[in-house]
Amino acid sequence: MTGLNDYFFSKVKEGTMHMSLLDPEGLPPEKAAEIAKRVKAAGTDAFMIGGSTGVTSENLEAITVAVKEATGLPVIYFPSDPSAFTDKVDGMFFMSIVNSTDPNYIIGYHAMVAPFVRKLGLECISMAYIIVEPGMTVARISKAKCVERDDLVLAAGYALAAEYMGFKLIYLEAGSGADRPVPPEMIRAVKEAVKIPVIVGGGIRTPEAATAAREAGANAIVTGTFVENCENDSVLNAVVHAAKGI
């Protein structure tokens with residue numbers, strides 16, 4: 001495949017991407033491959049591998065290899081534990097949780113792992129990760145002060161500051177398994193504030209929610225818990241198609 005940066009940024013120029021997030025914790029490689037085949041058939045553009053807890057180098061690599069062999073699509077490391085790495089991924093989102101109250105999640109862990117990332121030769125895309133309430137496990141683990149759902153000014157301010165600081169992507173995250181996705185009004189406010197692509201994830205499990213995020217301006221839509229749990233191909237196809245507008 002082409003480089004991760006070339007692939008990702010060319011895709012978002014074509015239209016809204018759909019990315020599938022798989023959590024290695026408790027997910028056997030065989031099951032991951034099965035899910036990956038189904039969601040590839042539905043039209044997903046890439047896979048993200050990662051989770052808030054329980055990610056090791058071993059399960060990260062096993063899931064990565066299984067998904068790549070099953071689909072041939074790009075696999076991006078969505079980092080969590082700074083001790084978990086594999087060179088089998090096609091690259092990683094080098095992300096800072098900008099509204100964390102713990103400096104480790106803003107820059108501390110990054111300084112620790114950056115030399116190792118360079119040694120492995122992993123291609124990176126810098127990303128500002130903004131956690132929106134309810135935030136779920138990732139907010140608790142990272143000690144994030146979640147952006148309130150109606151605080152469009154703060155969300156846009158975080159995003160614009162991140163763009164000025166040189167980040168290439170914004171990720172608005174409601175949290176894995178959230179009962180409510182990021183509000184379309186917030187997506188729109190952030191999109192109007194910045195010129196860089198905006199990724200949206202957390203709580204998107206219906207075609208209506210995916211359509212709302214896309215129409216609000218999301219350049220990429222991520223579904224994780226949904227794709228892992230959905231056993232109905234018609235529903236899976238409908239959500240992925242709505243995310244991409246096809």
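Predicted model: local features only at pLDDT ≥ 70, side-chain atom pairs only at ≥ 80, totals over all residues.
Let me begin with strands β1, residues 17-22, and β2, which run parallel and are joined by four bridges; two strands are said to pair if DSSP finds at least two bridges between them, and the helices (H or I, at least four residues) and strands (E, at least two) are DSSP runs, numbered from the N terminus. Between these two strands the chain crosses through helix α2, residues 29-42, and this β-α-β crossover is right-handed, a word that applies if, with the strands pointing away from the viewer, the path from the first strand over the helix to the second runs clockwise.

Residues are numbered from 1 along each chain as its sequence is written, and side-chain values use heavy atoms, with hydrogens and water left out.

Staying with β2, the bridge partner of L22 in that strand is I49, and F47 stands opposite V75 in β3. Strand β3, residues 75-77, runs parallel to β2 and is joined to it by three bridges, and β2, helix α3 (residues 57-71) and β3 make a right-handed β-α-β unit.

Now to the charged residues. Side chains of opposite charge can pair when their charged atoms come close. A salt bridge here is a side-chain nitrogen of Lys or Arg within 4 Å of a carboxyl oxygen of Asp or Glu, and a search of the whole structure finds seven of them.

One of these joins E14 to K11, with the closest N and O atoms 3.9 Å apart; both residues lie in helix α1, residues 4-14, three residues apart, or about one turn of the helix. E14 counts as exposed at 63% relative accessibility, whereas K11, at 23%, counts as partly exposed. D45 also forms a salt bridge with K11, at 3.6 Å between the closest N and O atoms, and because D45 lies in the loop between α2 and β2 while K11 is in helix α1, the pair ties together parts that are 34 residues apart in sequence. D45 counts as buried, at 6% relative accessibility, and K11, E14, D45 and K244 are linked in a network of salt bridges.

Elsewhere, the side chains of D233 and R38 meet in a salt bridge at 2.7 Å, N to O. D233 lies in helix α10, residues 233-244, and R38 in helix α2, so this pair ties together parts that are 195 residues apart in sequence.

Finally, what surrounds E173? This residue, in strand β6 (residues 169-173), is buried yet has no salt bridge, the nearest side chain of opposite charge being R205, 10.0 Å away. Leaving aside residues up to four places away in sequence, E173 touches Y129, I130, I131, V132, V138, V182, G201 and G202, with contact meaning heavy atoms within 4.5 Å.

Key
Buried < 20%, exposed > 50% of the residue type's maximum accessible area, 1.4 Å probe, protein only. Lys, Arg positive; Asp, Glu negative; His and termini not counted.
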